[in-house]
Amino acid sequence: MMSNMVYCRGCGKQIDESDSFCPHCGTAQKVMNTNVNPNVYSGDNVNMNPNVGGMSQKRLAAALFAFFLGGFGIHKFYLGQVGMGILYLLFCWTGIPFIVGFIEGIIYICMSDADFTTKYGR
């Protein structure tokens, strides 16, 4: 028996309504509980995302690479942007890529998983 399909709150792809997390982006889905006790707070703000600290592991890795190895463009290579990675390597002696890499690390941490996946893919 096939369940109804719904759209993911994070990426918008169709998923089974019984899925707790989107298989595409990992976003937690709001599960309707029919056995609700009105005396117990359900906590809509509870982070049910299995990812590290509410962020995907790829986004966390990219942010850490940007913070610590951003001057060499390692985060760009990790995200598949080889041309930009080579550009960072060519200018690493100036120190500018280190500053830009640090700023990009902050940007990666501040953006949502859905935005990160849309911009940088899987």
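Q: Which residues of H1 meet which residues of H4?
A: Start with a contact list, then read it by helix. In this predicted model, the H1 side consists of Arg59, Ala62, Ala63, Ala66 and Phe67. The H4 side consists of Gly101, Phe102, Glu104, Gly105, Ile106, Tyr108, Ile109 and Cys110.

Q: How many nonpolar, polar and charged residues does the contact of H1 with H4 have?
A: Sort the list by class. The contact of H1 with H4 has 9 nonpolar residues, 2 polar ones and 2 charged ones.

Q: At what angle do the axes of H1 and H4 cross, and within what distance do they come?
A: Take the axes next. H1 covers residues 57–69 and H4 covers residues 96–110. Their axes cross at roughly 160° and come within 7 Å.

Q: Why do H1 and H4 count as roughly antiparallel?
A: Compare the angle with the cut-off. Angles over 145 degrees count as roughly antiparallel. The crossing angle here is roughly 160°, so H1 and H4 are roughly antiparallel to each other.

Q: Is the crossing of H1 and H4 left-handed or right-handed?
A: Handedness is read separately. This crossing is left-handed.

Q: How do H1 and H5 pack, by angle and axis distance?
A: H5 spans residues 113–120. Its axis is 10 Å from that of H1, at an angle of about 75°. H1 and H5 are therefore roughly perpendicular to each other.

Q: Which residues make the contact of H1 with H5?
A: Again, go helix by helix. Lys58, Arg59 and Ala62 come from H1. Asp113, Phe116 and Tyr120 come from H5. By class, 3 are nonpolar, none is polar and 3 are charged. Arg59 and Ala62 are also among the H1 residues that meet H4.

Q: Which residues does UniProt list for "transmembrane region", and what is the chain like there?
A: The unreviewed UniProt entry lists residues 60–79 and 85–110. Residues 60–79 are 75% helix and 0% strand, with end C-alpha atoms 12 Å apart. Residues 85–110 are 81% helix and 0% strand, with end C-alpha atoms 22 Å apart.

Q: What about the "Zinc-ribbon" domain?
A: The unreviewed UniProt entry lists it at residues 7–28. That span is 0% helix and 18% strand. Its end C-alpha atoms lie 12 Å apart.

Q: Where is Phe21 placed?
A: Locate the residue between elements. Phe21 sits in the loop between strand S2 (14–16) and H1. At 28% relative accessibility, Phe21 counts as partly exposed. Phe21 and Arg9 are 12 residues apart in sequence, and their C-alpha atoms are 9.8 Å apart in space.

Terms used:
Residues are numbered from 1 along each chain as its sequence is written. This is a predicted model: local features need pLDDT of at least 70, side-chain atom pairs count only at pLDDT 80 or more; totals for chains, interfaces and linings use all residues. Side-chain values use heavy atoms; hydrogens and water are left out. UniProt positions are given in the numbering used here, feature names are shortened, and annotations may be inferred rather than shown by experiment. Helices (H or I, at least four residues) and strands (E, at least two) are DSSP runs, numbered from the N terminus. Axes are lines fitted to C-alpha atoms, for helices over the stretch in contact, and angles run from 0 to 180 degrees between N-to-C directions. Angles under 35 degrees count as roughly parallel, over 145 as roughly antiparallel, 65 to 115 as roughly perpendicular and the rest as oblique. A crossing is left-handed if the near helix is turned anticlockwise from the far one by less than a right angle, and right-handed if clockwise. Contact means heavy atoms within 4.5 Å. Ala, Val, Leu, Ile, Met, Phe, Trp, Tyr, Cys and Pro count as nonpolar, Asp, Glu, Lys and Arg as charged, and the others, Gly among them, as polar. Buried means under 20% relative accessible area, exposed over 50%, partly exposed in between (1.4 Å probe, protein chains only).
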